[in-house]
Amino acid sequence: MANSRQFFNHRLHSLLGLFPVGAFLLVHLTVNYQATKGAEAFNRAAGTMESIPFLLFAEFLFIYLPLLFHAIYGLYYAFQSKNNVRNYGYFRNQMFMWQRITGVFTLIFVAWHVWETRIQIALGNVELNYDMMANILSNPVMVVFYVLGVLAAVFHLSNGIWSFLVHWGITIGPRSQRIATYFTMIVFVLVSFVGLRAVAAFIQ
């Protein structure tokens, strides 16, 4: 019974990491990427997102609650699991180690980012616009923190896609798993480019 529950939780954890949490990350980076076209373009894109009906309810239901489960179970799994060289080999164990490291760092980064943006907006201390992010990234320390945060989040998503494909029985054999590795590497490079270009667009 315990093994069945763990199997279900592990599958749910990997699923929520992609849908909706991973999907939201892609949308969020795409919106931020509009800053490369200028402040007005970003403000329009952010305003469009803010105009979604029942936004706060949707954020809690489709972002914060899935993210909370993914984070809590992910932390539990990260500190309970051990590398298994015999089953997965050196490279996969390295990826598993970095998945745990980037998961913890991404959680810290997301918590800080939510505090600096969504919570401050809710408190009425700032407005959601280009200047909000430009002010945050006027601090060189925050630039480094955000660059590392974006890279950690994108790596965690990219490698999480590989894990999802394995755990859901989509890639079973070594060949399909090797192809999935190349695919997720491409995802990491492309999405990292979008994320880092977005960060750079707010630096004045």
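Helices here are DSSP runs of H or I with at least four residues, numbered from the N terminus. The model is predicted: local features need pLDDT of at least 70, side-chain atom pairs count only at pLDDT 80 or more, and totals for chains, interfaces and linings use all residues. Residues are numbered from 1 along each chain as its sequence is written, and side-chain values use heavy atoms, without hydrogens and water.

**Surface patch**

I then traced the nonpolar surface patch that includes Leu65. Its members are Phe54, Phe57, Leu61, Phe62, Leu65, Leu68 and Ile72, and together they have about 800 Å² of accessible area. Patch residues have over 30% relative accessible area and no salt bridge; nonpolar side chains (Val, Leu, Ile, Met, Phe, Trp, Tyr) are joined within 5 Å, like charges within 9 Å. A salt bridge is a side-chain nitrogen of Lys or Arg within 4 Å of a carboxyl oxygen of Asp or Glu. Areas come from the Shrake-Rupley method with a 1.4 Å probe, and for residues only the protein chains shown count as cover.

**Backbone**

I checked Phe54 next. Phe54 lies in the loop between α3 (39–50) and α4. Its phi is positive, about 55°, although Phe54 is not a glycine. Phe54 is exposed at 70% relative accessible area (exposed is over 50%, buried under 20%, partly exposed in between; 1.4 Å probe, protein chains only). I also noted a cis peptide bond between Phe19 and Pro20, with omega about 15°. Pro20 sits in the loop between α1 (2–18) and α2 (21–33). Most residues other than glycine have a negative phi, and most peptide bonds are trans.

**Aromatic pairs**

I found 12 aromatic pairs in the structure (ring centres of Phe, Tyr and Trp, its six-membered ring, within 6.5 Å; planes under 30 degrees apart are stacked, over 60 edge-to-face, the rest tilted). Tyr77 and Phe96 are edge-to-face, because their planes stand at 85°, with ring centres 6.0 Å apart. This pair links distant parts of the chain: Tyr77 in helix α4 and Phe96 in helix α5 (residues 85–122), 19 residues apart. Tyr77 is partly exposed at 25%.

Phe145 and Tyr146 are also edge-to-face, 6.2 Å centre to centre and 85° between the planes. Phe145 is buried at 17%, and Tyr146 is buried at 3%. Ring pairs join both to Phe105 and Phe109 in a cluster.

**Charges over rings**

The charged end of Arg11 sits over the Trp168 ring, 4.6 Å from its centre. That of Arg92 sits over the Trp162 ring, 3.6 Å from its centre. The criterion is NZ of Lys or CZ of Arg within 6 Å of the ring centre and within 35 degrees of the ring normal.

Terms used: Helix = DSSP H or I, 4+ residues; strand = E, 2+ residues; numbered from the N terminus.
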